[in-house]
Amino acid sequence: MSDPLKLSASLWSADLSALAHSIERVNEYCDSYHFDIMDGHYVKSLLFGVDTVASLRDKTDRPFEVHLMVRNPKDFVNDFVGAGANLIQFQFDGVDNPASHIEQIKSLDANAGICVLEETPIEKVFDLLPLVDNLLVMGTKIGVKGVSIIPETYEKIRLARKYIDENDLNVSIQADGGIRRNTVPELFRAGVNSVTAGSLLFRNDPKEIKQWVNSLSGELRNEN
Ligand SMILES: O=C(CO)[C@H](O)[C@H](O)COP(=O)(O)O
């Protein structure tokens, strides 16, 4: 791992009454934006939609990630890419034919990410890794925020990092859920490229968080 850890700002944890303002506040200090999309079926809650993404597209030049926590993700891919999503992440555990979802996303010139639930062995997606750009590893139960990381997450990330490096794959590993000051160092050591930062970024001084993450990346790189 040589690049500094990237911060993807999760808008679910921003001020939901003022998303454009939240973007303005953190924009200089994050690398991308993460939209959690919930349909009330795949997960119980409802959150964000195509129009939300489209309405924020001109507020920033940073890439938009759309994490589809929905049933039948294929039905939504075109619209979210049309709204300005650069990366579409879908649930491995929620579809019968993940390869066809990846193909659909790539056919629209978007990047494809596959998300693994906290209960799913990471090895199950290894065959798909040559096809995707991003592996999103859930560190908590899906569809909840403000909870602590499940410790087994670190080992899953270590295994994915080993597989990706050994097979010389160009896949970024992103951790989602439970991203805190006390979990980021271990996640970075385990091999993530980015973290989905919610309250860490939006409830702290984003400049200080970015500086901390950059210096941590340097320190931990020198450990090796
Ligand atoms: O999908 C998520 C957690 O599953 C979100 O990224 C959420 O915004 C993170 O929340 P927190 O503020 O707890 O870090």
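**Rings and charges**

I looked at R181 first: its charged end sits over the ring of W212, 5.5 Å from the ring centre. For me, a charge sits over a ring if NZ of Lys or CZ of Arg is within 6 Å of the ring centre and within 35 degrees of the ring normal. I then found R57, whose charged end sits over the ring of F64, 3.7 Å from the centre.

A note on the model before I go on: it is predicted, so local features need pLDDT of at least 70 and side-chain atom pairs count only at pLDDT 80 or more, while totals for chains, interfaces and linings use all residues. Residues are numbered from 1 along each chain as its sequence is written, and side-chain values use heavy atoms, with hydrogens and water left out.

Next I searched the whole structure for aromatic pairs and got four. Rings of Phe, Tyr and Trp (its six-membered ring) pair if their centres lie within 6.5 Å; planes under 30 degrees apart count as stacked, over 60 as edge-to-face and the rest as tilted. F126 and Y163 have ring centres 4.3 Å apart and planes at 20 degrees, so I logged this pair as stacked. The two residues are 37 apart and link distant parts of the chain: F126 lies in the loop between β6 (111-116) and β7 (134-138), Y163 in helix α5 (residues 152-166). My helices (H or I, at least four residues) and strands (E, at least two) are DSSP runs, numbered from the N terminus.

I call a residue buried under 20% relative accessible area, exposed over 50% and partly exposed in between (1.4 Å probe, protein chains only). F126 is buried at 10% relative accessible area, and Y163 is partly exposed at 23%.

F64 came up again: ring pairs link Y33, F35, F48 and F64 into a cluster.

**Helix α5**

I stayed with α5, since Y163 is in it. The helix has 15 residues and reaches 22 Å from its first C-alpha to its last, close to the expected 21 Å. That expected span is 1.5 Å times one less than the number of residues.

Which residues of α5 are buried? I listed T153, Y154, K156, I157, A160, R161 and I164. They cover an arc of only 160 degrees around the axis, which puts them on the same side of α5. The arc is that of the directions from the helix axis to the C-beta atoms. A reminder to myself: an α-helix has 3.6 residues a turn, so residues three or four places apart point the same way. On the other side of α5, I found E152, K162 and E166 exposed.

I also looked up what covers the buried residues of α5, and the cover includes β6, β7, β8 (172-176) and α6 (184-190). Contact here means heavy atoms within 4.5 Å.

**Positive phi**

Most residues other than glycine have a negative phi. D168, in the loop between α5 and β8, has a positive phi of about 50 degrees although it is not a glycine. D168 is exposed, with a relative accessible area of 70%. N72 also has a positive phi, near 55 degrees, and I placed N72 in the loop between β4 (64-69) and α3 (74-82).

**Two buried spots**

I looked up D39, which is in strand β2 (residues 32-39). D39 counts as buried at 16% relative accessibility. Leaving out residues up to four places away in sequence, D39 touches S45, L46, M69, V70 and R71.

A83 is in the loop between α3 and β5 (87-91) and counts as buried at 8% relative accessibility. I get 7.3 Å between the C-alpha atoms of A83 and D51, which are 32 residues apart along the chain.

**Whole chain**

I counted eight helices and nine strands in the chain. The radius of gyration is 16 Å, close to the 17 Å that the globule rule gives for 224 residues, so the chain is as compact as a globular protein of that length. The radius is taken over C-alpha atoms, and the rule is 2.2 Å times the number of residues to the power 0.38. The C-alpha atoms fill a box of roughly 45 × 40 × 30 Å along the principal axes. Buried residues make up 54% of the 224. Among contacts between residues at least 6 apart in sequence, 66% join residues at least 24 apart.
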